[in-house]
Amino acid sequence: MEAKAPVRLRVVGVGNVLRKDEGAGVRAVRMLEGRVPACVELVDGGTAGGALLDLFTDGVPSIVIDAALLGLAPGSWRRIEWRSRRGDAGAFGSAHEETMATTLSLAEQLTGAPPDVTIYVIEPKDLRWGTDLSWEVARGVEGLTQAVADEVGFRFAQGSSRPATHRREE
Amino acid sequence: MSTFALPDTGYITRVEGHGRVRLSVADGKIEELFLEIPESPRFFEAMLIGRSIYDAREITSRICGICSVGHTLCSLQATEMALGVNVSRQTLKLRKLLLHGETLQSHVLHLYFLAAPDFLGVGSVIPLAATHRPVVERALRMKKLANDLCDLVGGRAVHPITCVPGGFTRIPKRDELTAMRDRLAAAIDNAKATVELFAALPIPSFERDTEYVALVSPDEYAFYEGEIGSSDDAPVPKWRYRGVANEKVVAHSTAKHARNKRGSYMVGALARWNLNGKLATPFARGAARALGIEDGSRNPFAISLAQAVECALVVEDAIRLIDELTADGLVDEKPRVMLRAGTGVGAVEVPRGVLFHEYTCDAAGAITSANCVIPTNQNLANVEADLREYAPTVLDRPPDQVKAALEVLVRAYDPCISCSTHLLDLRRR
């Protein structure tokens with residue numbers, strides 16, 4: 001069997017694909033298949049919450065894609081660097097499926113440094129039960145996915161784990 | 001969905017379900033006490049209608065990130081019963097091994113991330129990581145082991161992809177299983193340390209007599225195979241689950257309440273232990289002895305203790321299963337399934353209790369009806385009954401301590417819908 005390339009970057013999509021736009025992160029990761037180098041691990045994190053902690057404690061930089069209520073137009077998205085914005089994380093949410101903020105805070109506590117995580121968040125429109133994305137979010141996911149692919153390409157083109165500049169919004 | 005705040009939007013919380021205890025007290029007496037659930041996965045069943053029964057396990061694995069293996073396996077049982085498929089002993093053992101991985105994964109999360117902070121009096125696992133670092137590191141080692149076990153057998157740490165009707169699309173290699181066996185053997189000490197930790201923690205002393213329901217088997221401590229057992233009744237086959245989980249709609253919750261022989265019953269680790277403990281491994285029985293529940297318990301706070309016992313049990317039993325699989329020789333079976341019209345029921349012990357799936361499909365395999373009964377729903381009436389009896393014993397405390405005490409009781413059940421910070425709505429007049 002062919003040996004796997006060492007993982008140099010993870011792209012983690014989180015959310016519930018059965019709650020329409022809530023699953024935007026997982027959809028984005030699926031759309032990235034075949035569009036990133038072999039050293040980039042694509043992870044369908046689903047609603048595992050705290051079970052994903054291991055991904056953020058081994059020193060491998062991560063890009064997380066998630067849906068979040070930001071007060072923006074549906075389908076709009078933002079790029080957030082966890083290291084600079086972690087102080088804004090809210091109080092803990094669900095007790096058993098820990099929020100991403102809880103998971104990243106715990107990772108920081110355990111490793112002694114904030115994890116190198118960049119978060120792409122997209123504004124949902126429809127969170128009812130269902131497997132399809134709203135039209136606005138489906139369109140937004142396309143742009144967001146392209147931005148993540150661009151960032152991945154930029155990181156490795158520069159030979160660095162971090163890009164020098166970022167596209168902030170489509 | 002995550003919790004984030006942008007400068008001009010304020011904080012938001014997860015959309016995943018939330019539970020809330022509504023307690024109203026007047027003159028020291030309880031006027032109103034409900035566990036409110038604003039939404040539940042039952043909406044989910046409608047999404048299965050018209051879909052291929054072959055795909056049901058993939059859809060249902062998304063009901064819950066923590067119990068995704070259990071939903072997958074329960075779905076497969078129902079699918080295979082509907083299609084008349086019998087699986088091999090190898091498949092059964094691999095599925096039991098996979099389920100042990102999820103049980104360990106979930107119990108470690110609950111014990112160390114939720115129960116331990118409660119019993120140690122700290123707000124969450126984050127301060128615990130500062131004050132009890134070796135304890136948290138042990139939890140993470142156990143969780144990593146459980147994740148890797150699920151990944152090895154299920155193809156992913158969550159939302160498994162290798163399990164299909166009739167068997168597996170990929171089975172672990174012998175050397176992978178052997179390496180996992182070594183890690184499990186090394187984890188025995190971590191399981192012992194978990195038992196020692198919880199034996200030393202102050203568990204509230206409260207008992208209430210109730211009915212316990214879990215899968216039972218004459219051959220083993222049942223997780224994947226068995227009849228539906230009850231502390232109050234003779235076992236019944238799994239296809240009679242509706243007669244056990246008599247669900248009823250209640251006004252304060254979109255989640256239905258369940259009742260069998262009494263007004264409520266308990267499912268989960270303590271129910272399993274109370275009904276199956278005599279068939280547990282010697283290591284697990286020793287753990288139960290150390291935790292004071294060897295002969296069972298009626299204290300709902302002991303659910304955490306039973307989870308600690310089950311951590312020991314599943315580690316030991318996973319080693320046994322790997323030994324049997326490697327001794328038998330692994331065969332790369334090719335699952336073949338023919339579609340037909342039928343009805344099937346699945347019953348699997350997931351971390352929080354017995355889970356039921358039932359599907360009916362037509363000759364083309366399209367699902368025409370579906371029903372899922374999840375453990376948290378089955379426990380809701382029992383949690384409320386416990387709260388009604390427990391609350392009067394703590395009402396002399398300041399409101400914040402009443403709130404904290406009742407939240408600890410709800411969290412002891414490890415409910416899927418719990419919300420650690422906004423659980424209790426306490427009104428005192």
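How many aromatic pairs does a search of the whole structure find over all chains? The search of this predicted model finds seven.

**View 1. A stacked ring pair in chain B joins Tyr241(B) and Phe356(B).** The ring centres of Tyr241(B) and Phe356(B) lie 5.1 Å apart with their planes at 25 degrees, and because planes under 30 degrees apart count as stacked, the pair falls in that class. Distant parts of the chain are linked here, since Tyr241(B) belongs to helix H8 (residues 241–244) of chain B and Phe356(B) to strand E14 (residues 353–361) of chain B, 115 residues apart. Tyr241(B) is buried, at 1% relative accessibility, and Phe356(B) is buried too, with a relative accessible area of 0%.

**View 2. Phe206(B), Phe301(B) and Tyr390(B) form a cluster.** The three residues are linked through ring pairs.

**View 3. In chain A, a charged end sits over a ring.** The residues concerned are Arg19(A), which supplies the charged end, and Trp129(A), whose ring centre is 4.9 Å from it.

**View 4. An open sheet of five strands in chain A has mixed pairing.** The strands follow the order E2-E1-E3-E5-E4, with strand E2 (40–46) and strand E4 (77–81) of chain A at the edges, each pairing on one side only. Neighbouring strands are turned against each other by 20 degrees on average, direction ignored. Strand E1 (residues 9–14) of chain A runs parallel to E2(A) and is joined to it by six bridges, and Val11(A) stands opposite Leu42(A) in E2(A).

**View 5. Helix H4 (residues 135–157) of chain A lies across E1, E2, E3, E4 and E5 of chain A.** This helix, H4(A), runs at about 160 degrees to E5(A).

How values were computed: Residues are numbered from 1 along each chain as its sequence is written. Chains are lettered from A and ligands numbered from 1 in the order in which they are written. This is a predicted model: local features need pLDDT of at least 70, side-chain atom pairs count only at pLDDT 80 or more; totals for chains, interfaces and linings use all residues. Side-chain values use heavy atoms; hydrogens and water are left out. Rings of Phe, Tyr and Trp (its six-membered ring) pair if their centres lie within 6.5 Å; planes under 30 degrees apart count as stacked, over 60 as edge-to-face and the rest as tilted. Helices (H or I, at least four residues) and strands (E, at least two) are DSSP runs, numbered from the N terminus. Buried means under 20% relative accessible area, exposed over 50%, partly exposed in between (1.4 Å probe, protein chains only). A charge sits over a ring if NZ of Lys or CZ of Arg is within 6 Å of the ring centre and within 35 degrees of the ring normal. Two strands pair if DSSP finds at least two bridges between them. Axes are lines fitted to C-alpha atoms, for helices over the stretch in contact, and angles run from 0 to 180 degrees between N-to-C directions. Contact means heavy atoms within 4.5 Å.
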